[in-house]
Amino acid sequence: MVKGLAVGAAAIGVGAGVMASGTITEQDQKEREMSGDEFDGYFKKNYRVMTESERQATIARFELKARERYSKAIHMSGSLAEAGVLFGYAFNLSRCNGSRKCVQACVEENNQDRATDMQYIRMIEMEKGTFDVEHGTADYDHVEVPDGKFFFGTQCHQCENPPCVKVCPVGATWKENDGIVVIDYDWCVGCRYCQAACPYFARRFNWQEPSIADEEVNPDQHILGNQVRSKGVMEKCTFCIQRSREGQNPACVEACPTGARIFGNLLDPESEIRNILANKKVFRFKEELGTEPKFWYFMD
Amino acid sequence: MKLESVFFCTVLSLVGCGNPVPPSSEARPISEGEKARTLKELKAIPVEGHEGLWVEGRSHQLKKCTECHGSEPVPLDVPGKQAHGDVKLAHAKFMECSTCHVSEIPAVLGFGTKRVNLDQSHHLCASCHNTQGEDFILGSHGKRMTGWKGPRVVKSCVACHDPHEPSFKALPTMAHPKIIPDRLKGQEPDHE
């Protein structure tokens, strides 16, 4: 019924132009379908409360839109959190040499806006002897790692007690069962309250329509992850939800040339992440705020 | 008044009061078939004494000695120019070829009375670098080749560290991000 209404409404809009020419071209047909889809889109619910069929329809709609926009065969996944999985991450401060290969891999994997140089991962060069990031620099450009410095990488820590989720006035962001904090990009109103609440500089905002060159788009997308966003919505690291839910490591972990990044399932007692938490002196950033991040730092 | 309550109910019904938890799918452990395929692809060698840990095979990446030499063992103490004599050795001042290549057959490495082949070189490295060896088993040193779900296959020591010249050359860094957007350049406040 809604679909009929939608087609009707779209027809009224498109029909005026069509009737003038007298024939319905393929382009007009496509436009009619697209605006019908968009009409459906305006009335979609928050992703969390959708039924399974509504989710499938939403994913199909996004996939169609993406294929219209880019030449690659975009595949949109809606994979769910797996039972018995809670993702955790560890960062070895003794290994990182500030190459920013992680940053590059993340941008390529997650379809971020190239024009504003949006990057989820921020690498901060720090003076040895302090963990106060106010004294670090993020705009270093060294080839050799200078003496007396180490590198502190930060991105979304996927908190167990996330302040961003608490403050969202519309409920557009939430923590999934496998621990990843995700955003319903359609539901987000772009108030940026989450950006203000996050103590880890994790959240990014699209001040303009994201622009990615056609050949650089990553076609393997997830509806709650690296689908191409639009102007006015928030985005952030999702531990590469499109990869981690398929058993792969996030792009940053794969790309790190020194093996400084470790990822795994916190609920698996034999995982590397659990080995590190049990045997290394780990700490979390801004622990005193009670956000319970699932991102640990350690030194060897 | 009525309009407001209708609006409120609509919002609540769309958002849901009390944030419903999204569904999870059933646990999907990796199949034995896929595990076996991954191990075969990477020519993974199980690490002695550590179940569930494999190291990437090395010998398949190298030419076999017999491809150039016959089946005779190659003596290492022959004076004059030798093939592979162009290997520059810069690994701790006291080390010589025979420190690791203890046998007449250079592909057999060893320390003390223990002999290992090229696929088990991590035992040899760990015999001096024992803290790194422990960290290697734990997972904080080295790099995992498989995803978090797959069998745990790690890169061998020599995949990153050249055993003859282990010191790393500087890695060029990617350029820094645009901290100040272009439109605001020139208007940065002064920081002390």
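**Figure 1. Strand β3(A) and its partner in β12(A).** In β12(A), A:F295 is the bridge partner of A:Y89. The two strands, β3(A) and β12 (residues 295-298) of chain A, run parallel and are joined by four bridges. Strands are DSSP runs of E with at least two residues, helices are runs of H or I with at least four residues, and both are numbered from the N terminus. Two strands count as paired if DSSP finds at least two bridges between them. The model is predicted: local features need pLDDT of at least 70 and side-chain atom pairs count only at pLDDT 80 or more, whereas totals for chains, interfaces and linings use all residues. Residues are numbered from 1 along each chain as its sequence is written, and chains are lettered from A and ligands numbered from 1 in the order in which they are written.

**Figure 2. The antiparallel neighbour of β3(A), and its two faces.** Five bridges pair β3(A) with strand β11 (residues 261-265) of chain A in the antiparallel sense. Here A:Y89 stands opposite A:F263 of β11(A). Strand β3 (residues 87-92) of chain A is mostly covered, with six of its six residues buried. A residue is buried if 20 or more other C-beta atoms lie within 10 Å of its own, exposed if 12 or fewer do, and partly exposed in between, with C-beta atoms placed from the backbone. In a regular strand the side chains alternate between the two faces of the sheet. One side of β3(A) carries A:F87, A:Y89 and A:F91, the other A:G88, A:A90 and A:N92, and all of these are buried.

**Figure 3. Nonpolar cores.** A nonpolar core is a set of buried Ala, Val, Leu, Ile, Met, Phe, Trp, Tyr and Cys residues joined through C-beta atoms within 7 Å. The largest one has 58 residues, of which A:A90, A:C106, A:I121, A:V182 and A:C252 touch the most other members. Domain 1 (2-77) and domain 2 (87-298) of chain A each contribute at least three residues to this core. Apart from it lies another core, of nine residues, including B:L42, B:I45, B:W54 and B:V55. Leaving out residues up to four places away in sequence, A:A90 touches A:I262, A:I273, A:I276, A:V282, A:W296 and A:F298. Two residues are in contact if their C-beta atoms, placed from the backbone, lie within 7 Å.

**Figure 4. The contact between the domains of chain A.** Chain A is divided into domain 1 (2-77) and domain 2 (87-298); the bounds come from an automatic or database domain assignment. Their contact takes 17 residues from domain 1 and 15 residues from domain 2 of chain A. On the side of domain 1 that touches domain 2, α3 (52-69) and β1 (75-77) of chain A each supply at least two residues. The element that gives the most to this side is α3(A), with four residues. By class, this side of domain 1 has eight nonpolar, six polar and three charged residues. Ala, Val, Leu, Ile, Met, Phe, Trp, Tyr, Cys and Pro count as nonpolar, Asp, Glu, Lys and Arg as charged, and the others, Gly among them, as polar.

**Figure 5. Where chain B meets chain A.** Contacts link 38 residues of chain B with 48 residues of chain A. On the side of chain B that touches chain A, two or more residues come from each of α1 (2-15), β1 (24-25) and α5 (130-138) of chain B. This side of chain B has 18 nonpolar, 13 polar and seven charged residues. Strand β2 (residues 81-82) of chain A pairs with β1(B) in the parallel sense over two bridges. Across this pairing, A:A81 stands opposite B:S24 of β1(B). The predictor gives the complex an ipTM of 0.81 and a pTM of 0.84.

**Figure 6. The open sheet of chain B.** Chain B has six helices and six strands. Three strands, in the order β2-β3-β6 (chain B), form an open sheet with mixed pairing. Its edge strands are β2 (45-46) and β6 (152-154) of chain B, each of which pairs on one side only. Strand β3 (residues 53-55) of chain B runs antiparallel to β2(B), and two bridges join them. B:W54 in β3(B) is the bridge partner of B:P46.

**Figure 7. Confidence in the two chains.** The pLDDT is the predictor's confidence in each residue, from 0 to 100. Chain A has a mean pLDDT of 88, and 87% of its residues reach 70 or more. Over residues 1-21 of chain A the pLDDT is below 50, and this stretch has 19 contacts in the model beyond near neighbours in sequence. Where pLDDT is low, the predicted coordinates should not be read in detail. The mean for chain B is 80, and 76% of its residues reach 70 or more.
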